[in-house]
Amino acid sequence: MRPINYITTAADAWYNEIKAILKDEGVLLFFVFLPIAYPILYSWIYNNEVAREVPVILVDDSHSTLSRDFAKMFDASPEVSIALQCNSIKEAKEAIGRSEGYGIIYFPEDFDKKVGRMEQSHVSVYCDMSYMLTYKAILVTANLVSIELGTKIQEQRLGNTTARQDEVSTHPLEFEEVPIFNVTGGYGNFILPAVLVLIIQQAMILGVGMIAGTERERKYVNYKARNCHSITQAINLLFGKSLCYLMIFSVMLAWITLAVPRFFGFVSMVHGWDLLQFFTPYLLSCVFFSIIISEMVRYRESVMLVVVFTSVPLLFMTGVSWPQTAIPGVWQGLSSIFPSTFAVRGFIRISSMGALLSDVAEEYRILWTQTSIYVLLALFVMWRRVQFTNEQTSQSE
Amino acid sequence: MKALIAREIRLLLHHPIYVICMVVLPLFITVFFTSIMNSGQPVNMPIGVIDNDNTSTTRKLTRLIDAFQSAEVVEHYNNIADARKAVQRNEIYGFILFPEGMTQKMISGRQPRMSVYFSNATLLAGSLLYKEMKTMCTLGNAAVGQATMTARGATPQQTMAFLQPIKLDTHNIGNPWVSYNIYLSVMLIPTCIMLFIFLLTAYSLGAEQKFGTYKQWLEMADGNMLKALYSKLIPQACVHLIILYACFLYIFGILHFPAPGGIGRLMLLGLLVVIAAQGFGVFLYGAIPSMRMSMSICSLWGVLNFSMVGTAFPIFAMDAPLQTLSWLFPMRHYYLIYQLCIFNTYPLANVMTSIIALICFALLPLLVVRRMKKTYNNFEYIP
């Protein structure tokens, strides 16, 4: 076989694959619609980033200037708002049951008196724990207001002469908190990079699995070796197919990592060259990984049954929603099979933290390792399919 | 009827995909999520320290922060640039800076400034560390004040009343440990199971078409589509229910997650979820009789359930159109019922709309029964 023939077989495989994809609406849905539409949808869902003006119910038994000051300051914060004032905790509880608020702030009768008597005064916050973001908003705001009002009371009691004296005696140690990355603490900025990168892998596994299912149902007719060794045929096929998937997903990846964050104003500190280098092994390992997974697909539809649900566990194992250091070793081990784990970790740091390729060197190396292992396995898968068709044809002849 | 059910049971047992997706994977998911968040809150997250002061006070503060449950000091850095690099390399989640002369300034009353840097790129780690470091700073401030007050001869009560004139009492109703396991697992596991039910329902209906067994199926039901449907769905519903109850048993019975609403409501909710999910699956297959298209839409919808349930990012914080759209996601209703009537103990009347919504999902197939019969008889499966 002349070298030019290798190229033509690979090109043939590429052309057949493109044709098959364009004809198959199911595959198109996963290869084109999903990577284009889902990022937009998710960006829309998390576009508002933070929960503002969480409704809280006020119960004020104290009816004093101090409790009203507290309530006013509380209401004035961006995170929470006082939606309703009730006369008793019981009434407030019922309002929570009607979803009119997510927490109760309660001033006891002696709230003001205790301050007057130089005793420690208490204010209670009751939080509905079924929503963590609202809990956080209510708690943090109540805490800040109580500290601020407390400082004012301290200043009155101290009777200092200058403002500077007040500052020093109420805060002998000044505390400065600096959020360095994702400074707004936004939900979208935190979850989106992970979701975006994961979409690529999942779309590819689903699409490639579906193609393989169809081919299997048609008994791999297009795998037949034409006067060349079966391993050569397998290499050609793998090359052609991978090239086709790579071509489609390079465009999708550019859309997902470069365009979508800009449309919605998400943090994106990517350096083009680093991104290109980092995602090359990711795309490659995804392609080969999908081909390996597709071998387990019996019918074209069954791939969805076992692949779709993995998205959420995979997202968890990347360490974005649950810190990586807190993930048990077993699951860390399992997660290292998937390219997405490392690609998400790397991309978050490149995109949200402005890391360079040298900072994500570990992930980069693992992705290349995965690529080199998976390419061999994928080749084996291809070779088996070629063998299978060869046997079939020899039997029928 | 009996023959139809027997046929369905044979089908379920014969194809391993059903056993895998109905039994094995849901149980796996349950173990996965509950074990990954076993600690409730992440513990010992690595942080760094830049100690430019290096006195016994700053070392004491370092030990103090190291002793907190969620943080662990793993490394000392020479400057901010090094520490920032370490954050970018995923070695630490944040760091503390003690400036030079901090102790001296503190003693001489010149108000030194200590800084805490934390990364919100992992939101949970960032907010927990922020909370812990804020506590430490309050304690640090209090320690200075306390020493002065005690020296002046104030009683402990007087000291506390001065240092913290207004104390905040937090009551975390239902989840006093602020356990993320309790908060997330009860949403993630049923959502996964619902995804499986969506897909399996559409798959099993499509499979009749695909493998050409629908003729036999419809004949056995005397050409009555409705009868054929429910005799197919009831055995499946039973398996789904048993598995869902088994997951509930594991979560609430063995792991002792709080469910003050009681077992009865939990079982009712399980039943509603299963029939609503099946109804949705049948409806989609009836509306879009192509097996792969209906399954694809089931997947897309099922995955969106995780976001539109509104547990992690609340619905009221989303854009207005999305708030309305959230009604079209059965999981949203599950969570509303769970949140108000099982996690809290409000009467079921408060969530009547959600209960009705789930029943409506379960009744959706009635709209497409007639159409389905036509499709089965007229269309052929095109691979």
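Predicted model: local features only at pLDDT ≥ 70, side-chain atom pairs only at ≥ 80, totals over all residues.
Local features need pLDDT of at least 70, side-chain atom pairs count only at pLDDT 80 or more, and totals for chains, interfaces and linings use all residues. Residues are numbered from 1 along each chain as written, chains are lettered from A in the order written, and side-chain values use heavy atoms, without hydrogens and water.

In chain B, 115 residues are in contact (heavy atoms within 4.5 Å) with 114 residues of chain A. The buried area (accessible area, 1.4 Å probe, lost on putting the two parts together, summed over both) is about 10,700 Å². Carbon and sulfur atoms give 66% of that area.

Eight salt bridges (side-chain nitrogen of Lys or Arg within 4 Å of a carboxyl oxygen of Asp or Glu) are counted between chain B and chain A. One of them pairs A:Asp24 with B:Arg292, with the closest N and O atoms 3.9 Å apart. On the side of chain B that touches chain A, helix α12 (residues 291-308; a DSSP run of H or I, at least four residues) supplies the largest share, 13 residues.

Strand β4 (residues 121-128) of chain A and strand β5 (residues 166-173) of chain B run parallel, joined by eight bridges. Strands are DSSP runs of E, at least two residues. A:Ser121 has B:Ile166 as its bridge partner in β5(B).

Two non-glycine residues have positive phi. A:His63, with phi near 45 degrees, lies in the loop between β1 (54-60) and α3 (65-76) of chain A. For A:Ser99, phi is near 55 degrees; its loop joins α4 (89-97) and β3 (103-107) of chain A.

Methods. Pairing = 2+ DSSP bridges.
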